[in-house]
Each structure stands twice: as C-alpha cells, then as structure tokens.
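Biologist: I am new to this structure and would like to learn how to read it. Please take one feature at a time.

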Amino acid sequence: MLCWLSMSEIVERMEKLIDLYRQWRGEEPAEVTKLPGAGSNRDYYRLKSHDGSTVIGVVGTSRDEDHAFVYLAQHFTRRQLPVPKILAVSDDELRYLQTDLGSLSLFDALKGGREAGGRYNQKEKELLKNTIRELPDIQIRGAHELEFSNCYPQPEFDIDSVLFDLNYFKYCFLKPAELDFHELKLEANFRMLAKDLTSESSESFLYRDFQARNVMLDAAGNPYFIDFQGGRKGPFYYDLASFLWQASAKYPNKLRRELVYEYYNSLKNYTEVPTERHFVDRLSLFVIFRTLQVLGAYGFRGYFERKKHFIDSIPPAMDNLRDLIAMGEDTFPYPYMMDMLKRLTEMPQFAHKEEPVVKREDGFKTTDKDIYATNPLDGPATFSKYDGKGPLVVNVYSFSYRKGMPEDTTGNGGGYVFDCRSTHNPGRYEPYKKLTGLDEPVIRFLEDDGEILTFLDEVYKLADHHVERYIQRGFTNLMFCFGCTGGQHRSVYSAQHLGEHIHEKFGIEVRITHREQNISQVLPAK
C-alpha cells in the first residue's frame, strides 16, 4: 500500500510524536533525527534527550499493524526475549516510543561477506550462527500464551495465505516475464504445494520477515529482533527458509548447511523435533515457496514501482531457483510447476552471468570491477591528491537555469549537470504551478507521463558507475546538479530521486539541496 502525504501532514505527524515523547519524558527532546526509510509506510525517528539518552519514535499509518507490533513486543518482553521495549503508545496507536537498539544491523555487519559474493569470514559466520541459534527462542518460547488474534493481517499461516502469495508471484512476476504457461495446470500444482505446506499443525510463532535487516546487534554482537509485526502462528521452517535463502545475502551452500545444523540442534532445546531427513524435506518445500514469494515481491516493487534495488535482487533469486530445480522431482513433486520454473530460468533476461573474483583484504575472494590491464610502457601510476581520503559525500542540487548553476564549494571543480528541460513540464499547467517536484500531484504527473523516468534511467547508470569508482578510490566529494526552467518541478523531482537512489544503493551520506525552494536534506551514511 502506498501512502502519499503532503508536507503539512508529515509535519503534523512528527509534532504528534513529539507530544507523545513530552508526555512520556516530561520534557521536549533536545534533538530529533529522521532515520532512513524501511520497506513499510512507518516513519522512524531517533529522539535524543538533554542527558544524551535516546529512544526510537515510530509513526505508522495502520492502526492494526501498529497494534500487532506493540502487542507482540510487550508479550515478548514479558517472555524476556531480545526485542525493543515499548515505552509509550498514543491513544490511537498510530505512534509509539521504543528503546533504541543502536544503528548496527546484522545486515550491515555482514557487508564484507555479502559484497564478496558470499565469501564470509569467521567473524561474520559466528554472527550468523549466534543469530540462528536464537531464532527458536522467539518462535517457540515466544509463542507460549501468545494471543494470535492480535496478529496482523491474519492470525495463522493457512492455505489461503499460501495461495495468495503464489498468485502474487504469478501475476507480478510470471506474467510480466511473458512466459507461456497453462494457468489451470499451474493452479493445480499450486494447490498441491499449498496443501503440503500446511499439512502439519504448528503452535510456533512465524516471524514472517526474518532477515538480516531485522536483526540489530549490541556492542557484544548479541542479536535483537525487530519488525515482527507481520508475524502469526505457523511452521518454524518458514523463517529459516526466509533467512538462509535471502537472495541478496548469497550464502554459499556449505554455510547454509552449517546454519541449518545449528538451528536444528538449537530447536531441540525448545521442542520435540522431527528426524533430520523429515526436517530437511519439509524445509525444502518452504524454501521454494519463499523463493516464489520474494520473486513476486521483486516483480511488483521492481517492474511496477520501478525500484532499482528490487530489480537488482532478481538475478540472485533466480540463481537460488536454479539450485532448487536441480534437486529434482523427488524433492518437489509438482511436475508442471517445476517444468514451468525451469523454462522461466532459461529465458534470456534471466540468463546466469559469472562475475570475476579477486581476493578481499582479509584473504577471502571478492567480486572486483577495478582491474586494468597494464603495459610496461605505461610507467608507474600517478594518483590524485584526493585519492584515499574518503568517505565519499554526494551533493545533489536542483536549480533554475535562469539563476545560474550551483557553485561547487568542495574544491573538486564540480561534477555532473543534467538539463531536465527536454522533459514534459508540469509547470505549464495551472493545477501544478504552486507545487514542486516533492508534491504528490506533480510526482504522479511526471511518472504517468513517463519521460522523466526514461531520462533518469540513463542518469542512474552513469551516476552508479561514477559513485562506485569514487568510493573505490577514496574520493570525498561528488556533485550532481539538475536544472530546469524554474528549479521547481522537474529538477526537484530528479534531484530528490537520484539522491535517495544513491543513498539506498551505496549507504553513503547524500546532501540534497533544492536551491530555488530553500529546502535542504541530509541522508546520513548508514
């Protein structure tokens, strides 16, 4: 669900959060910092008191979803599980305060191994093992005396929810891929899979979105769990499949086997477990289901919402699917579905591509795009005075050509300047003249028209390569500028979207300045 908010609505939501903090703390916060957005419609803020202590404030759009999180967090806290504690909740349950678990997620801590194509070092492997050993605690002990009627959007994992996700894959990924298939035959196999997935009763808590981004680490590396508001009663296999087969993590099969073993042995401490063979067979069914489920999500967020991060996640997910298909029909007795999935992986747009590798700094191999052939006649390399300083900060500006281009204050001599004036101008129409490229009606106008999206596709390719090279070389500053007639609509839209794109993809500090609108924003390094 998308939720468009005007600037006044955003300010009002934040003011109400500060009111809640004032009621709880008895004083105004000394500092409020908006945190980078997550995948939901909730906004997160870090509120700092005058004595330096901090809490996290959350502003949601769904009362039922917020209620589920608050209830589950309070229940898990009573069970002494490692989750954030709820400190205060507004009467309408659209805002709440929780303890601050810091800024280091497991996802961040695993960056080295992830960027090395799944070659994790010993410290990273230990973090993974510590996390996976704790999962049964929240699944089994957390389910004790839990009232699942509080869960959102439904209390239990059932056939209808499985079929919903499988059809999500069919309509948002399979059909846009334009693969021919027999819909009735596929539907029959989907129903068989749904029946098998729900054939065993379960009393455990299904986390639903268990992934490295939703695990925070304290100073000692101990895991804390967040974002479990979509949880419900369900089989524990689901979360293990969700975590270990997350496409972007690129966990190698050997490491997956080790982590499955760690989980299985930890699970024995909490409940009676099936035989290893039965456990692995059941887990395989949830792995292929979860793979189809995430491909559906990538299709919707990538193909329909045009979010590059999700499009980039499709190739590793397809690699996971190839590995599963290779396991054969003995593991997955759904012949038509498996044949259709095999044909899907063979489509040209999903062709597997090998990446070159070199050694990473700690001795492990890693993907490398910084290889240049040398010649004896080249002589020794020379370096810029800006090499090796880092970290990179990107400045993105919108401006009006009538008032001249923005000045570079870093001493680097500027960067890229893009002219947006070739694209359709909403400023020519009366309803948009007093709005900017940050306002939802203008955004809708530009995206429905589509010219600006084609324009930005090429900008993204150029910017991504440039940012990546600047990071590799340890440069400190890079500037992108977008100009249009008045610096109000097209340039503002383009600057905002490129800035957010770079921040999301590279996690570096991005400073966005809409010069003619007197608006500035800093997206802090992750």
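Modeller: Start with strands. Two strands pair if DSSP finds at least two bridges between them, and strands (E, at least two residues) and helices (H or I, at least four) are DSSP runs numbered from the N terminus. The model is predicted, so local features need pLDDT of at least 70 and side-chain atom pairs pLDDT 80 or more, while totals for chains, interfaces and linings use all residues. Residues are numbered from 1 along each chain as its sequence is written, and side-chain values use heavy atoms, with hydrogens and water left out.

Biologist: Which residue of β15 stands opposite Val396?

Modeller: Ile512 does. Val396 also has a bridge partner in β14, namely Phe480. Val396 belongs to β12 (residues 393-400).

Biologist: Are the faces of β12 covered or open?

Modeller: Buried means under 20% relative accessible area, exposed over 50%, and partly exposed in between, with a 1.4 Å probe and protein chains only. Both faces of β12 are covered: Val393, Asn395, Tyr397 and Phe399 are buried on one side, and Val394, Val396, Ser398 and Ser400 on the other.

Biologist: How many residues of helix α16 are buried?

Modeller: In α16, 13 of 17 residues are buried. The expected span of a helix is 1.5 Å times one less than its number of residues. Helix α16 (residues 490-506) reaches 24 Å from first C-alpha to last, close to the 24 Å expected.

Biologist: What lines the second largest pocket?

Modeller: Rolling a probe the size of a water molecule over the atoms shows where empty space is left. On a 1 Å grid over the protein atoms alone, a pocket is an open set of points where a 1.4 Å probe fits, with protein on both sides within 12 Å along at least five of seven lines; lining residues have an atom within 4 Å of a point. The lining here includes Trp245, Arg256, Leu283 and Asp323. The elements that give two or more residues to this lining are α9 (253-267), α10 (276-304) and α12 (314-325).

Biologist: Which strands form the open sheet of five?

Modeller: The order is β1-β2-β3-β5-β4, with antiparallel pairing. The edge strands, β1 (31-34) and β4 (86-89), each pair on one side only. Six bridges join β2 (residues 43-48) to β3 (residues 54-59), and Tyr44 stands opposite Val58 in β3.
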